[in-house]
Amino acid sequence: MPAFHVSVPDAILPFLPTPTIPGPAMSTSAEPPAIEARGLERVYNVKPAPVTALAGIDLDVAPGEFFGILGPNGAGKTTLIKILTTLLLPTAGTARIFGFDVAHDVKKIRRIMNMVAGGEQSGYGILTAREQLWMFSQFYGLPRKDGWRRVDELIEAVGLTEQALQRVSTLSTGQRQKMNFARGLLNDPWIFFLDEPTLGLDVAAARSVRELIVAWKAAVPGRTVTLTTHYMAEADELCDRIAIVDHGRILAIGTPAELKHRVQRESIFRIELDRLHGGTATLDRIPGVVSAAPAAAEGGPVDRQTVAVNLVLETDAILGSVVAALSARGSNILALRKSEPSLEDVFVELVGRGFDDTDDDGQNDDRSPPARRDDDADGPAAAGDRADAETEAEYA
Ligand SMILES: Nc1ncnc2c1ncn2[C@@H]1O[C@H](COP(=O)(O)OP(=O)(O)OP(=O)(O)O)[C@@H](O)[C@H]1O
Ligand SMILES: [Mg+2]
């Protein structure tokens with residue numbers, strides 16, 4: 001079970017601005033995919049040796065999907081998002097956002113997408129939150145009056161009314177992230193890319209950010225979200241589908257339930273008994289029982305009157321033999337629960353290491369929000385331009 005539940009607070013919905021451009025669901029023609037990537041590769045030409053961040057990504061995300069990208073540090077998630085948000089060109093392959101090519105339709109894509117990253121430090125600390133948002137509204141090309149209206153609507157929607165006139169440099173991490181969200185929604189994107197949006201937030205702030213995302217998405221059909229996160233429960237709760245990536249490749253893709261099903265080859269039960277004569281070894285001998293081991297107590301002090309056992313069976317059907325054997329030995333079953341694998345189990349099985357492990361030194365963790373460069377034309381962007389912009393932090 002996910003560790004939390006996201007509900008959409010009704011109070012937020014009326015405050016979310018109405019779309020200013022026809023959204024994907026309002027179009028009459030056949031929908032292009034929100035994301036369509038084919039053979040995406042990205043190599044960073046750095047010393048002492050080039051780094052292959054993406055090694056061939058094929059991806060289709062439908063309009064209206066909440067799509068998650070999971071993977072260990074250095075897997076290529078941010079690189080993929082930077083390519084999809086036109087901040088970086090691929091070394092090979094193609095990607096389209098609602099039918100627009102990331103290499104050629106830069107301006108069009110920037111009109112219909114936005115991105116917010118965890119720990120984002122964009123803008124100027126000396127401005128107030130309201131001034132900063134207005135500045136971005138002008139970067140995004142909103143008319144002056146509409147800009148102020150939209151800024152004020154969004155300030156209210158994200159719950160920053162009290163901090164609106166406070167300098168950005170004095171905002172707490174959570175307040176700053178809410179401001180970043182307001183910034184990301186200024187241009188009313190069809191597709192919203194979120195790169196670890198709850199990074200470093202406390203429980204309450206992370207929850208309100210998740211609620212904001214869900215509320216924003218629910219307000220207009222067809223709005224699409226792509227999220228990277230290291231929080232399994234967050235991905236499990238929010239995402240319709242998830243891709244697990246490592247070393248620049250997609251290892252698995254599917255709904256959270258499909259992914260979990262992949263790793264559950266055996267049936268796992270926790271069983272609580274009033275007594276077990278002969279110990280778990282008596283269960284181990286039953287054909288079809290893979291293993292039977294004493295289970296750790298769950299919360300609270302150990303109840304010495306009961307015996308808890310973790311059972312791994314070849315199939316659910318073996319449970320009948322186990323129950324019969326227990327009954328023959330005079331054991332009464334007090335509780336029985338089937339264990340479902342978690343997304344983390346899937347991750348560990350596919351990637352081979354947990355989320356705490358890392359093979360990245362964190363040196364390349366620049367997180368630049370998009371859509372702040374005022375491209376004059378939609379023509380093919382210079383590859384070097386965007387690659388350089390990334391290292392020179394042109395967007396900061
Ligand atoms: N600007 C850069 N220059 C050189 N190498 C880079 C650059 N950005 C990323 N890389 C390398 O590309 C690989 C993928 O990095 P990326 O930031 O896409 O991973 P990630 O999945 O987002 O990781 P994390 O979970 O740590 O954010 C890593 O090996 C990283 O060191
Ligand atoms: Mg990253």
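In strand E4, the bridge partner of Glu-36 is Arg-96, and this pair belongs to a set of five bridges that join strand E1 (residues 35-44) to E4 (residues 92-97), the two strands running antiparallel. The model is a predicted one, in which local features need pLDDT of at least 70 and side-chain atom pairs count only at pLDDT 80 or more, while totals for chains, interfaces and linings use all residues. Residues are numbered from 1 along each chain as its sequence is written, and chains are lettered from A and ligands numbered from 1 in the order in which they are written.

E1 is also joined to strand E2 by eight bridges, again in an antiparallel arrangement, and in E2 the bridge partner of Val-43 is Thr-52. E1 and E2 form a hairpin with six residues between them. These strands belong to an open sheet of four strands in the order E2-E1-E4-E5, with antiparallel pairing; two strands pair if DSSP finds at least two bridges between them. Strand E2 (51-61) and strand E5 (100-101) stand at the edges with a single partner strand each, so one side of each is left without a neighbour in the sheet. Helices (H or I, at least four residues) and strands (E, at least two) are DSSP runs, numbered from the N terminus.

Helix H3 (residues 129-139) packs against helix H5 (residues 173-185) and against helix H4 (residues 144-157), as set out here.

| Helix pair | Axes come within | Crossing angle |
|---|---|---|
| H3 and H5 | 9 Å | roughly 25 degrees |
| H3 and H4 | 9 Å | roughly 130 degrees |

Axes are lines fitted to C-alpha atoms, for helices over the stretch in contact, and angles run from 0 to 180 degrees between N-to-C directions. Angles under 35 degrees count as roughly parallel, over 145 as roughly antiparallel, 65 to 115 as roughly perpendicular and the rest as oblique. H3 and H5 are therefore roughly parallel to each other. In their contact, Ala-129, Gln-132, Leu-133 and Phe-136 of H3 meet Met-179, Ala-182 and Arg-183 of H5, a set that comprises five nonpolar, one polar and one charged residues. Here two residues are in contact if their C-beta atoms, placed from the backbone, lie within 7 Å, and Ala, Val, Leu, Ile, Met, Phe, Trp, Tyr, Cys and Pro count as nonpolar, Asp, Glu, Lys and Arg as charged, and the others, Gly among them, as polar.

For the second pair, the axes of H3 and H4 cross at roughly 130 degrees, and that makes H3 oblique to H4. The contact is made by Ala-129, Arg-130, Leu-133, Trp-134, Ser-137 and Gln-138 of H3 and by Gly-147, Trp-148, Arg-150, Val-151, Leu-154 and Ile-155 of H4, with seven nonpolar, three polar and two charged residues by class.

Elsewhere, Val-214 is found in helix H6 (residues 203-219) and, with 19 C-beta neighbours inside 10 Å, counts as partly exposed. Val-214 and Phe-66 are 148 residues apart in sequence and 9.2 Å apart in space, C-alpha to C-alpha.

The protein has 12 helices and 14 strands. Of its 396 residues, 40% count as buried, a residue being buried if 20 or more other C-beta atoms lie within 10 Å of its own, exposed if 12 or fewer, and partly exposed in between.
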